[in-house]
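Trainee: I am new to this structure. Could you take my questions one by one?
Mentor: Gladly. Let us look first.

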Amino acid sequence: MARTVTTRRKSFNTALAWAVGLLIFFPILWTILTSFKTEAQAIASPPLFLNFNWTLENYAIVQERSDYMRFLWNSVIIAGGSTVLGVIIAVPAAWAMAFVPSKRTKDILLWMLSTKMLPAVGVLYPIYLLFIRLGLLDTRGGLVVVLMLINLPIIVWMLYTYFREIPGEILEAARMDGATLKEEILYVLTPMAIPGIASTVLLNFILAWNEAFWTLNLTAVDAAPLTAFIASYSSPEGLFFAKLSAASTMAIAPILILGWFSQKQLVRGLTFGAVK
Amino acid sequence: MYLKHALRAATAMTFVATAAAHAQSITIATVNNGDMIRMQGYTDKFTEATGIDVEWVTLEENVLRQRVTTDITTNGGQFDIMTIGMYETPIWGANGWLVPLDGLSEDYDVGDILPAMSGGLSHEGTLYAAPFYGESSMIMYRTDLMEKAGMEMPEAPSWQFIKEAAAAMTDRDADINGICLRGKAGWGEGGAFITAMSNSFGARWFDEDWKPQFDQPEWADTLNFYVEMMSESGPAGYATNGFNENLSLFQQGKCGMWIDATVAASFVTNPTDSTVADSVGFALAPDTGLGKRSNWLWAWALAIPAGTQQEDAAKQFIEWATSKDYIELVAENEGWANVPPGARTSLYENPEYQKVPFAKMTLDSILSADPNNPTVKPVPYVGIQFAAIPEFAGIATQVSQEFSAVYAGQQTVEEALAKAQAFTAEEMEAAGY
């Protein structure tokens with residue numbers, strides 16, 4: 001018997017979804033609002049919501065003090081590069097696990113994920129020393145590799161889940177038609193898994209964009225991305241919250257816009273295979 | 001043919017040499033605070049004068065500390081100059097990780113650096129970092145509220161007076177707390193304050209044999225006094241208040257007194273940000289009559305890591321940034337109240353600077369701090385709000401977390417001190433003391 005959803009329940013669910021959404025978005029909204037206040041207004045008690053003299057002064061100061069475009073470009077290269085490289089490596093790996101599983105496939109997947117459980121600081125010194133030896137400190141290439149390795153388990157897991165939803169018979173048919181392994185993955189599997197791959201790419205791009213441990217510890221000047229840009233405005237001795245908020249808004253704006261325009265793709269990919 | 005090749009090679013080498021000469025560049029890791037940011041704005045003048053480009057890596061204090069420590073311990077060579085404090089300098093100097101700052105020019109006048117600063121930034125008499133600015137701690141108080149309470153702040157008050165004044169100034173209905181103090185966990189936050197305060201109560205971190213002293217009555221006296229006073233006259237949630245939270249409260253007129261870094265004086269007297277700018281007075285940090293006051297000593301200083309390839313250029317920059325000329329440059333453009341304080345004797349002899357309202361009290365506070373004899377009883381360590389040993393930061397962070405749990409009402413003073421004693425003893429034993 002089909003379940004009937006009453007109008008009242010629908011309204012309640014909608015209101016609840018909006019409330020949760022606003023609650024999650026509130027810190028970002030507050031950051032954006034604070035970026036338009038003076039430092040004195042930023043710490044005012046009771047807090048000022050909209051009734052303050054809006055100013056662009058903080059953005060002007062931040063622009064004057066920092067080379068925003070250099071940080072932004074580094075973020076794009078590092079996040080984009082690590083995501084693309086990760087997908088290139090993960091697609092064949094996920095294909096093998098999804099369509100040619102062995103007895104140990106599940107164990108390998110769990111082992112890959114378990115590497116995420118190690119606190120990053122635990123391997124800071126070995127990686128730092130490796131970077132010194134290889135001349136990779138403060139290089140975008142070095143960070144692309146590190147962030148790719150950090151996110152690879154998630155990429156493989158996500159792609160594996162999506163690939164599992166694709167009937168193996170289709171690939172088998174392609175093989176019978178004479179497709180090589182490369183053609184099977186490139187021209188049959190990949191187009192069918194596009195929504196899943198797209199959401200994987202987006203999610204990992206966001207994760208790499210926001211990564212703030214390795215990007216701070218392995219960079220100085222040349223490869224410093226937007227996380228370093230934000231860190232330069234934080235201070236435990238001095239109230240610079242308005243400037244910090246302006247820097248934060250500038251750092252999250254690109255990813256916020258990207259997320260906004262790709263939300264349909266993201267949701268479609270994340271729910272891919274959820275309903276049969 | 002041979003001549004042609006030789007000419008090409010010579011031209012190429014000239015190009016490389018010229019490019020290298022023009023491209024001389026140093027990278028400086030620094031903290032984000034007003035004085036450091038101001039200095040970045042004047043860097044062009046240094047480049048104009050020397051031809052040396054300067055790249056800045058500005059980070060939040062704790063991030064910077066982790067970043068430069070990783071780099072110097074691995075000889076990473078990412079930075080030519082590091083901004084470090086009084087805690088790191090003697091330890092890193094002793095380990096040979098820093099370039100000794102000897103051979104500075106006569107014009108630089110190294111003898112002009114305040115003795116308390118040069119002492120804290122040296123190891124066995126060798127200066128390893130030049131102070132960019134120095135600070136101690138002092139009382140900042142609301143003169144109007146003190147007057148309203150019918151009391152008068154002495155220049156060198158006792159803790160008992162502070163407690164009584166705090167109670168008298170507290171007006172919960174008007175949202176005024178008699179006193180605001182750090183309670184936030186962290187060795188450089190609440191840990192620094194309570195350690196400096198404990199010195200005036202006769203407490204110490206270690207005895208001469210490096211045995212932890214949290215089981216001694218002086219520590220219990222310190223914590224009990226602090227908790228009682230803050231419960232009576234402090235702001236709600238003081239267990240999570242650090243410098244910034246108290247600065248915010250004071251600037252909004254919600255604190256009668258605040259004992260903290262002397263650099264805060266320029267913030268609370270700045271009418272742009274502070275609602276109480278015209279009614280702030282200053283006094284020395286309190287004592288209990290045992291001969292030690294509860295003020296600390298700190299300096300942000302510029303040091304050269306031993307692995308740098310740009311030692312000469314780095315020295316040139318340090319000489320410029322911490323010179324008398326730099327102070328005059330800032331004074332000329334931004335006024336004497338904005339020059340980096342607490343580093344040079346000559347600054348405090350300058351009649352113009354003497355007109356700055358907090359200048360005298362800052363100097364008096366710095367001069368009354370002795371990092372080599374920080375406590376009433378003898379100790380084997382150097383440092384007032386810290387003990388300059390590598391293990392201190394880790395131990396003190398844990399201990400300050402126990403203390404903050406007391407402030408938050410999660411455990412008693414006795415429980416916190418017992419845990420601090422056990423933990424510190426274990427760590428020190430493991431470290432081979």
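Mentor: Start with a term. Domain bounds come from an automatic or database domain assignment. Keep in mind that this is a predicted model.

Trainee: What makes domain 1 and domain 2 of chain B two domains?
Mentor: The assignment does. It gives domain 1 as 2-135 + 298-359 and domain 2 as 137-296 + 378-430. Taken over C-alpha atoms, the centres of domain 1 and domain 2 of chain B are 32 Å apart.

Trainee: How many residues of domain 1 of chain B are in contact with domain 2 of chain B?
Mentor: 11 residues of domain 1 are in contact with 13 residues of domain 2. On the domain 1 side, 9 are nonpolar, 1 is polar and 1 is charged.

Trainee: Which residues is M257(B) in contact with, leaving aside its neighbours within four places in sequence?
Mentor: Contact needs C-beta atoms within 7 Å. The residues that pass for M257(B) are I139(B), Y141(B), I162(B), A165(B), A166(B), G178(B) and I179(B).

Trainee: Why does the radius of gyration of chain B agree with a compact globule?
Mentor: With 433 residues, a compact globule would have a value near 22 Å; chain B has 24 Å, so the two agree. Along its principal axes, the C-alpha trace of chain B spans about 95 × 50 × 35 Å.

Trainee: What share of chain B counts as buried?
Mentor: A buried residue has 20 or more other C-beta atoms within 10 Å of its own. By that test, 50% of the 433 residues of chain B are buried.

Trainee: What makes up the secondary structure of chain B?
Mentor: 19 helices and 10 strands.

Trainee: How many residues of chain A are in contact with chain B?
Mentor: 24 residues of chain A are in contact with 27 of chain B. α6(A) supplies the largest share of the chain A side, 5 residues. That side divides into 15 nonpolar, 6 polar and 3 charged residues.

How values were computed: Residues numbered from 1 in each chain as written. Chains lettered and ligands numbered in written order. Predicted model: local features only at pLDDT ≥ 70, side-chain atom pairs only at ≥ 80, totals over all residues. Contact = placed C-beta atoms within 7 Å. Helix = DSSP H or I, 4+ residues; strand = E, 2+ residues; numbered from the N terminus. Rg over C-alpha atoms; globule rule 2.2 N^0.38 Å. Buried ≥ 20, exposed ≤ 12 C-beta atoms within 10 Å, placed from the backbone. Nonpolar A, V, L, I, M, F, W, Y, C, P; charged D, E, K, R; others polar.
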